[in-house]
Amino acid sequence: MLSLESKKLRRLHYRSGFDYAELEMTNTISKSRLETIEVEVRQAVATTPVCDVHTHLYDPAFGPLLLWGIDALLVYHYVVAEAFRFLPLSCERFWALSKTEQANLIWEALFIEHSPVSEACRGVLTTLNALGLDANQRDLPAIRQWFAEWKVEDYLERCLELAGVSTLCMTNSPFDDVERGIWERGFTRHPAFTAALRIDPLLLQWNEAVPRLAQWSYAVTPELSPKTVDETRRFLADWTRRIQARYLMVSLPPGFNYPAQTECAQLMEKAVLPHCRDYGLPFALMLGVKRGVNPGLRLAGDGVGPCQLESLENLCAQNPSNKFLVTVLARENQHGLCVAARKFPNLHLFGCWWFTNIPTVIDEMTRMRLELLGTSFTVQHSDARVLDQIIYKWRHSRAIIADVLVEKYLALAQTGWEPSNDEIERDVKDLFGGTFAKFCSPVSSSIDLPAKGFDGQGF
Ligand code: FIX
Ligand code: ZN
């Protein structure tokens with residue numbers, strides 16, 4: 001009788017074209033060692049703490065901006081988009097309801113009237129299960145009652161522990177009125193939360209950004225004069241220091257072009273990239289989002305389109321002293337992006353973003369990246385908007401990452417190269433944020449940056 005582990009190994013070997021019988025004959029490595037490697041890889045993936053490099057979560061000091069609990073999980077925009085496949089009412093009527101009423105409708109449509117097999121729905125159930133709740137009773141009021149008994153400070157620690165997450169990077173926008181006020185007043189920061197300076201309104205809605213910057217005492221005009229550029233850089237510097245930003249970030253549409261005479265490309269070239277160089281900070285680009293494909297759905301109404309990787313290549317080639325953190329939304333861009341990363345040491349890939357954060361595509365992207373880039377990338381980020389989601393996002397991803405890595409290490413072993421446990425643990429740490437921290441560090445690698453910024457710690 002084959003043990004469960006051996007059956008698993010055989011399955012894995014079959015999937016990877018790995019011939020177990022042939023391997024035994026070549027006698028380079030014993031079956032028990034192979035089984036040990038699998039156990040070591042699974043152990044490392046399950047226990048290595050993660051630095052979650054991009055989320056939409058907030059330090060608890062931001063009060064209601066930190067979303068958590070069952071209703072927030074159910075009205076997450078990934079779930080809302082799916083609910084509208086079934087809901088009979090208009091978007092307007094849906095948004096006019098209270099959050100609890102919206103959650104009730106979604107629960108009925110996606111969990112009771114149909115089986116919750118989609119990734120986003122399964123995520124809600126993985127989360128409840130990990131928290132010890134019995135969702136199988138299908139009793140939404142009882143689940144709500146369970147959440148009502150938690151204090152957010154305790155719940156945060158519980159979620160971090162269940163997700164195996166050590167730090168979370170927020171998405172921080174000075175253009176958000178609620179958020180801006182809290183930063184300006186100041187607060188004691190939670191050690192698990194780092195900050196990233198989000199600048200979409202600056203780059204994508206310059207004409208609307210100008211009066212706001214002016215109102216905050218930055219002497220800017222719509223024309224990108226030297227004075228306006230200086231003042232924009234002063235704005236970036238003030239906010240970089242105020243929030244201790246680890247990087248700057250923007251999401252861009254498929255049509256983004258660089259170089260170009262557009263305000264977006266010019267602002268990047270004249271203000272954002274020099275600022276990043278000055279502070280030794282990476283610029284994070286999330287490429288390929290089509291905002292408002294169906295505006296009635298609000299956050300759930302955004303779509304995807306392939307981006308022009310040539311523009312990214314131009315950015316990397318023409319700004320060799322800048323560092324770029326990049327993830328792209330379209331599946332059809334993933335291979336080209338890996339190839340681009342092979343060309344540019346100042347380009348670091350991270351995560352399986354949004355519509356790519358589904359098992360089929362995570363599996364494919366992780367394999368592709370390992371095969372083309374080794375371990376020089378960040379395997380995943382959660383993009384969580386609701387605290388509890390870090391539990392499912394990381395559990396689901398860890399399961400896939402473990403399967404892929406087991407295959408890759410067993411394939412290595414087939415060559416006679418036996419990975420030690422220390423090497424496996426080192427690699428998993430790198431994939432879960434270690435390489436990211438090294439890349440972001442002002443003293444990093446071959447990229448020659450005059451750093452006046454922060455120490456790059458904390459991811
Ligand atoms: O631009 C982003 O950071 C995106 O992640 C968001 O816009 C998007 O709404 C999201 O939450 C995807 O996961
Ligand atoms: Zn995001």
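The shell around ligand 1 comprises four nonpolar, four polar and four charged residues, where Ala, Val, Leu, Ile, Met, Phe, Trp, Tyr, Cys and Pro count as nonpolar, Asp, Glu, Lys and Arg as charged, and the others, Gly among them, as polar. The model is predicted: local features need pLDDT of at least 70, side-chain atom pairs count only at pLDDT 80 or more, and totals for chains, interfaces and linings use all residues. Residues are numbered from 1 along each chain as its sequence is written, chains are lettered from A and ligands numbered from 1 in the order in which they are written, and side-chain values use heavy atoms, with hydrogens and water left out.

The residues surrounding ligand 1 include Tyr78, Arg198, Met286, Arg291, Trp353, Trp354 and Arg385, each with a heavy atom within 4 Å of the ligand.

The zinc ion (ligand 2) is coordinated by His54 (NE2), His56 (NE2) and Asp383 (OD) at 2.0 to 2.2 Å; donors are N, O and S atoms within 2.8 Å of the metal (3.2 Å for Na, K and Ca), and the site may look incomplete because water is not among the atoms. Along the sequence, the donor residues follow the spacing H-x1-H-x326-D. Histidine 54 and histidine 56 are both buried, that is, under 20% relative accessible area with a 1.4 Å probe and protein chains only.

Note on methods
Buried < 20%, exposed > 50% of the residue type's maximum accessible area, 1.4 Å probe, protein only.
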